[in-house]
Amino acid sequence: MALAFDEFGRPFIIIKEQEQKTRLRGIEAQKANISAGKAVARILRTSLGPKGMDKMLQSPDGDVTITNDGATILEQMDVDNQIAKLMVELSRSQDYEIGDGTTGVVVMAGALLEQAERLLERGIHPIRVAEGYELASRIAVEHLEHIAQKFDFGPTNIEPLVQTCMTTLSSKIVNRCKRPLAEISVKAVLSVADLERKDVNLDLIKVEGKVGGKLEDTELIYGITVDKDMSHPQMPKQIEDAKIAILTCPFEPPKPKTKHKVDIDTVEKFQTLRLQEQKYFDDMVQKCKDVGATLVICQWGFDDEANHLLMHRNLPAVRWVGGVELELIAIATGFNRWKDCAKVPRVDPRKAGKGMLVWSERSLLEPQKIKCCTLNNPQQFYSLWWWLS
């Protein structure tokens with residue numbers, strides 16, 4: 001490779017043996033593109049079906065992934081060819097729209113490309129081939145609608161949905177527990193689905209994993225799971241008919257936004273500062289008690305002194321709860337809107353969430369390997385299920 005300049009002084013690069021390289025055109029270019037698509041389909045073909053084999057993929061960071069899911073395999077692959085990238089997009093679209101069949105669509109696309117190559121070799125124009133595929137697609141859809149069987153399902157009749165879910169799990173690594181996992185999945189979806197509008201908000205379903213245990217320990221929890229302990233070990237572990245105050249501010253005195261310095265040269269000044277800080281904590285705890293709150297859920301943390309006061313004032317608290325979990329708790333416990341979750345100086349007794357809180361804490365060495373906090377509301381249940389694997 002060498003650098004040269006034209007008559008106007010503009011640089012251009014001369015590549016070695018460039019004159020020997022030719023641009024593919026016509027049928028040769030079409031065959032090259034078809035070969036790229038067939039190569040991607042050939043990789044996924046051995047992973048199709050219940051007897052399909054898993055693929056072991058290693059990332060540049062050294063992480064190893066074992067899966068037979070088509071979308072996951074293609075996501076992990078480093079693909080440079082543009083036609084192969086279209087196959088990856090096809091699998092991603094199938095996963096986004098349907099959630100299943102990511103391997104099948106790629107394998108079918110590869111088979112269609114293979115048949116199209118034979119037609120191109122016979123001199124048939126690509127547009128005619130595409131029109132033939134569209135006509136065949138319409139005929140296939142009409143036939144599927146003709147042979148399809150409709151079944152009714154509802155909250156009391158979930159067996160058809162369970163059978164459908166078991167079919168999709170047959171080719172996954174969890175197929176040995178497909179019946180209980182299928183029931184868990186169906187119950188979780190139905191608990192957040194609006195059957196009248198035929199709409200499901202899957203964001204209300206959360207999957208949590210814990211290291212240790214067996215696949216059979218997977219459990220469906222009707223409520224909101226918060227993987228947090230009480231801020232003090234002596235606080236009660238179970239609260240019924242709780243009135244919850246959600247705080248989006250730290251349970252501590254405010255800090256100046258500018259640089260500051262405090263000089264303390266006597267014991268009296270130190271005692272004054274300590275009493276002032278203690279009074280601030282007392283006021284914050286009292287404001288939460290005045291609105292009738294029996295549980296405080298804080299987005300941020302608080303220091304040991306505030307924790308000590310909360311324990312002695314019989315006000316259980318949970319700290320460092322994520323914003324997404326706080327929003328779900330706010331909705332489930334009857335808050336009108338997310339901005340009702342106030343800071344301590346603006347706590348309003350009319351905006352305290354009501355619900356039943358059950359805090360269960362069990363060791364990972366016990367058969368029931370669950371450590372969670374569930375908030376239950378009969379009108380607005382959010383199904384979160386815990387997969388211990």
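Analyst: A polar contact is a pair of N or O atoms within 3.5 Å; within protein, one must be able to donate a hydrogen and the other to accept it, and residues adjacent in sequence count only if both atoms are side-chain atoms. The side chain of T102 lies 3.3 Å from the backbone nitrogen of A71. The backbone nitrogen of G70 is also 3.3 Å from a polar atom of the T102 side chain.

This is a predicted model: local features need pLDDT of at least 70, side-chain atom pairs count only at pLDDT 80 or more, and totals for chains, interfaces and linings use all residues. Residues are numbered from 1 along each chain as its sequence is written, and side-chain values use heavy atoms, with hydrogens and water left out.

Where does T102 sit? T102 is in helix 4, residues 102-121. Helices (H or I, at least four residues) and strands (E, at least two) are DSSP runs, numbered from the N terminus. T102 is buried, because its relative accessible area is 4%. Buried means under 20% of that area, exposed over 50%, partly exposed in between (1.4 Å probe, protein chains only). Leaving out residues up to four places away in sequence, T102 touches D69, G70, A71, S91, Q94 and D95. Contact here means heavy atoms within 4.5 Å.

Now step back to the chain. It has 10 helices and 14 strands. Of its 389 residues, 33% count as buried. Take contacts between residues at least 6 apart in sequence: 64% join residues at least 24 apart.

Next, helix packing. Helix 1 (residues 26-45) packs on helix 3 (residues 82-97) at about 45 degrees, with the axes 8 Å apart. Axes are lines fitted to C-alpha atoms, for helices over the stretch in contact, and angles run from 0 to 180 degrees between N-to-C directions. That angle makes helix 1 oblique to helix 3. Under 35 degrees counts as roughly parallel, over 145 as roughly antiparallel, 65 to 115 as roughly perpendicular, the rest as oblique. Helix 1 brings N33, A36, G37 and V40, while helix 3 brings I83, A84 and M87. That contact has five nonpolar, two polar and no charged residues.

Helix 8 (residues 267-290) and helix 9 (residues 304-312) also meet at about 45 degrees, with axes 10 Å apart. They are therefore oblique to each other. Their crossing is right-handed. From helix 8 come E277, Q278, F281, D282 and V285; from helix 9 come E305, A306, L309 and L310. The classes here are five nonpolar, one polar and three charged residues.

Helix 6 (residues 159-169) has P160, V162, C165, M166 and L169 buried. The buried residues of helix 6 pack against helix 7 (178-192).

N314 lies between helix 9 and strand 11 (317-318). Its phi is near 55 degrees, a positive value in a residue other than glycine. N314 is exposed, with a relative accessible area of 64%. W320 lies in the loop between strand 11 and helix 10 (323-332). W320 has a positive phi of about 55 degrees. W320 is partly exposed, at 48%.

Definitions and conventions:
Ala, Val, Leu, Ile, Met, Phe, Trp, Tyr, Cys and Pro count as nonpolar, Asp, Glu, Lys and Arg as charged, and the others, Gly among them, as polar. A crossing is left-handed if the near helix is turned anticlockwise from the far one by less than a right angle, and right-handed if clockwise.
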